Amino acid sequence: MNATIDSTGNPAGTTSFVGGKFLSFYLSKEEYGMAILKVREIIGMVDVTPLPRTPDFVRGVINLRGKIIPVIDLRLKFGMQPAEYTNETCIVVVDVAKDAETILQVGCIVDTVCEVLTVDKEQFEPSPRCANGSGDFVAGLGKLADRVLILLDIDKVIGELSPALAGQVA
């Protein structure tokens, strides 16, 4: 079964997609979207302190106003070639559920942040079966007037972070 997401950005299971607002951003030449309600803030690229013995996509941690948060590079997480950081490279800080009572903040490095878009129910297409081979990160596709927006289930993208890493920065 393909995952769908509701307007809050949460997996909707068997219920249908109801539409919502998404932050669009680029990784390489592809445009992605994540539910805007999952986005805490967007910051420019800052120095990231590496942590030993973490997967290559975990770039390390940053101190964001006194709170230590892990930072992942979405390019590396998705198996893309690494790219030099530019003035347009951003860290999108998202809120994901660590468990029933705990919200974990994680920074996601993206190439460029674009805009906030509305994807209506009529514009949503479940992801093709072949697209969900690696962890069901793609919740679906937003069919916009002139392009397709790859809608991510950010909880599933972040969900694979090591519990030990999440514990280090909680």
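Where does Thr-89 lie? Thr-89 sits in the loop between α1 (74–77) and β6 (90–97); helices (H or I, at least four residues) and strands (E, at least two) are DSSP runs, numbered from the N terminus. This is a predicted model, where local features need pLDDT of at least 70, side-chain atom pairs count only at pLDDT 80 or more, and totals for chains, interfaces and linings use all residues. Residues are numbered from 1 along each chain as its sequence is written, and side-chain values use heavy atoms, with hydrogens and water left out.

**Around Thr-89**

- Thr-89 is buried, at a relative accessible area of 5% (buried means under 20% relative accessible area, with a 1.4 Å probe and protein chains only).
- Leaving aside residues up to four places away in sequence, Thr-89 touches Gly-44, Met-45, Glu-84, Ile-109, Val-110 and Asp-111 (contact means heavy atoms within 4.5 Å).
- The side chain of Thr-89 also reaches the backbone nitrogen of Thr-86, at 2.8 Å.

**Strand β11 and its partners**

- Strand β11 covers residues 148–152, and four of its five residues are buried, so the rest of the structure largely encloses it.
- On one side of the story is strand β2 (residues 30–35), which pairs with β11 in the parallel sense over two bridges (two strands pair if DSSP finds at least two bridges between them).
- Gly-33 has Leu-151 in β11 as its bridge partner.
- Strand β10 (residues 138–143) pairs with β11 too, in the antiparallel sense and over five bridges.
- Leu-141 stands opposite Ile-150 in β11.
- To get from β10 to β11, the chain takes a hairpin through four residues.

Key
Buried < 20%, exposed > 50% of the residue type's maximum accessible area, 1.4 Å probe, protein only. Polar contact = N/O pair within 3.5 Å; in protein donor to acceptor, adjacent residues only side chain to side chain.
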